[in-house]
2 protein chains.
Amino acid sequence: MQRTSFETMNCSIAQCLEVVGEWWSMLILRDIFLGVTRFEDLCQRLGISRNVLTDRLDHLVGHGVIERQAYQDHPVRYDYRLTEKGRDLWPVLVAMREWGDRYAAPDGPRVEMVHRVCDHKAHMVPTCSECGGVLEARNVKAVPGPADSGAFPGADLRHPRSSVPSA
Amino acid sequence: MQRTSFETMNCSIAQCLEVVGEWWSMLILRDIFLGVTRFEDLCQRLGISRNVLTDRLDHLVGHGVIERQAYQDHPVRYDYRLTEKGRDLWPVLVAMREWGDRYAAPDGPRVEMVHRVCDHKAHMVPTCSECGGVLEARNVKAVPGPADSGAFPGADLRHPRSSVPSA
């Protein structure tokens with residue numbers, strides 16, 4: 001399978017795609033977040049070939065997003081557990097799920113999320129780390145960070161009727 | 001290019017991947033969010049072939065995530081603009097960017113986000129729509145929603161040492 005590697009792109013979204021951008025990876029992580037941690041269970045639930053699942057798990061282990069923990073010695077068998085780096089992908093999964101619930105779930109969500117702190121079914125609201133207000137595309141602006149290499153779009157690429165830069 | 005279609009999967013994450021799961025789609029959306037809205041500019045910034053860019057733009061237009069707006073008549077030329085459905089993908093992009101900034105940006109972020117409301121550089125904090133508290137993988141639980149079709153993992157798939165279900 002040919003693909004472009006995003007590894008050398010100086011972009012954090014590309015770096016995230018490098019790790020989880022393969023078609024199956026987010027669904028494997030979804031299931032691991034749901035508590036499905038064993039190869040056979042993942043294989044069966046996802047309807048994925050053993051070869052592809054092995055590849056994807058190796059890739060995720062290689063990037064430190066999940067790790068193998070033996071739960072049996074003879075023969076050795078593993079659970080796949082999220083690392084901290086993997087658990088930190090949770091907002092990506094939740095944001096994807098909520099978008100899918102909004103636009104592609106005519107019969108309602110398949111899975112809902114209960115916030116244990118307040119015990120209510122909850123949605124994710126993106127808020128500002130500084131003032132606590134709601135963050136949304138139209139009330140933020142993007143500015144070049146310390147690692148900007150001149151690829152931040154200049155005025156020449158922002159046409160008069162363009163959206164406000166916000167990603 | 002062969003791929004599995006996620007279209008028939010009863011899962012909102014799969015539905016989101018069906019729309020934006022192609023390798024380039026999130027990077028195209030990233031640039032459109034940044035105000036880069038024209039074919040030639042996208043082509044040049046992304047270093048992507050014209051054919052692939054055309055394919056991806058058609059796919060995103062077909063799913064109602066972006067739309068074409070003519071900015072010139074002879075010959076006709078288009079800007080690509082986010083629809084509301086497309087703007088609602090913003091939390092996915094932000095969550096991916098923040099993860100990449102944390103784990104794969106040794107020289108610091110390339111792009112930072114300023115919250116116009118408080119005028120500070122901000123990170124996204126996922127909070128609860130009901131109580132306003134912080135939402136994180138370890139303080140939520142997943143429960144079957146109205147469209148659950150029995151694929152929600154049962155006790156048989158949640159092994160004793162598994163993580164708390166949370167995606």
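**Entry 1: the end of a helix**

I began just after α2(A), where Gly35(A) takes a positive phi of about 100°. Helices here are DSSP runs (H or I, at least four residues) and strands are E runs of at least two, numbered from the N terminus. I then looked back along helix α2 (residues 25-33) of chain A and found it mostly covered, with nine of its nine residues buried. Buried means under 20% relative accessible area, exposed means over 50%, and partly exposed is in between (1.4 Å probe, protein chains only). The buried residues of α2(A) include Leu29(A), Arg30(A) and Asp31(A). I also noted that Arg30(A), Asp31(A) and Arg45(A) are linked in a network of salt bridges, where a salt bridge is a side-chain nitrogen of Lys or Arg within 4 Å of a carboxyl oxygen of Asp or Glu.

**Entry 2: ground rules and confidence**

I was working with a predicted model, so I noted that local features need pLDDT of at least 70, that side-chain atom pairs count only at pLDDT 80 or more, and that totals for chains, interfaces and linings use all residues. Residues are numbered from 1 along each chain as its sequence is written, chains are lettered from A and ligands numbered from 1 in the order in which they are written, and side-chain values use heavy atoms, with hydrogens and water left out.

I looked up the confidence next: chain A averages a pLDDT of 86, and 86% of the residues score at least 70. The pLDDT is the predictor's confidence in each residue, from 0 to 100. For the complex, the predictor gives an ipTM of 0.88 and a pTM of 0.88.

As a reminder to myself, most residues other than glycine have a negative phi, and most peptide bonds are trans. I found a cis peptide bond from His74(A) to Pro75(A), with omega near -10°. Pro75(A) sits in the loop between β1 (66-73) and β2 (76-82) of chain A. In chain B, the bond from His74(B) to Pro75(B) is cis, with omega near -10°.

Asp119(A) is not a glycine, yet I read a positive phi of about 65° for it. The loop that holds Asp119(A) runs between β3 (111-115) and β4 (120-121) of chain A. Asp119(A) is exposed, at 56% relative accessibility. Asp119(B) has a positive phi of about 65°, and it is exposed, with a relative accessible area of 57%.

**Entry 3: the core and one threonine**

Which residues touch the most other members of the largest nonpolar core? I got Leu29(A), Ile66(A), Leu29(B) and Ile66(B), out of 86 residues. Such a core is a set of buried Ala, Val, Leu, Ile, Met, Phe, Trp, Tyr and Cys residues joined through side-chain atoms within 4.5 Å. Leaving out residues up to four places away in sequence, Leu29(B) touches several residues, among them Val20(B), Leu60(B) and Ile66(B); contact means heavy atoms within 4.5 Å.

I also checked Thr83(A), which lies in the loop between β2 and α5 (84-87) of chain A. Thr83(A) counts as buried, at 14% relative accessibility. A polar atom of its side chain lies 2.6 Å from the backbone oxygen of Gly64(A).

**Entry 4: salt bridges**

Over all chains, I counted 20 salt bridges by this rule. In one of them, the side chains of Arg38(A) and Asp79(A) meet at 2.8 Å, N to O. This pair links distant parts of the chain, with Arg38(A) in the loop between α2 and α3 (39-46) and Asp79(A) in strand β2, 41 residues apart. Arg38(A) is buried, with a relative accessible area of 17%, and Asp79(A) is buried at 0%.

**Entry 5: where the chains meet**

I found that the contact takes 107 residues from chain A and 108 residues from chain B. The area buried between them is about 10100 Å², of which carbon and sulfur atoms give 64%; buried area is the accessible area (1.4 Å probe) that two parts lose on being put together, summed over both.

How many salt bridges cross the interface of chain A and chain B? The rule finds two. Arg102(A) and Asp88(B) meet at 3.4 Å, N to O, and Asp88(A) and Arg102(B) meet at 3.4 Å, N to O. Asp88(A) lies in the loop between α5 and α6 of chain A and Arg102(B) in helix α6 (residues 90-103) of chain B, so the pair joins two chains.

Methods
A polar contact is a pair of N or O atoms within 3.5 Å; within protein, one must be able to donate a hydrogen and the other to accept it, and residues adjacent in sequence count only if both atoms are side-chain atoms.
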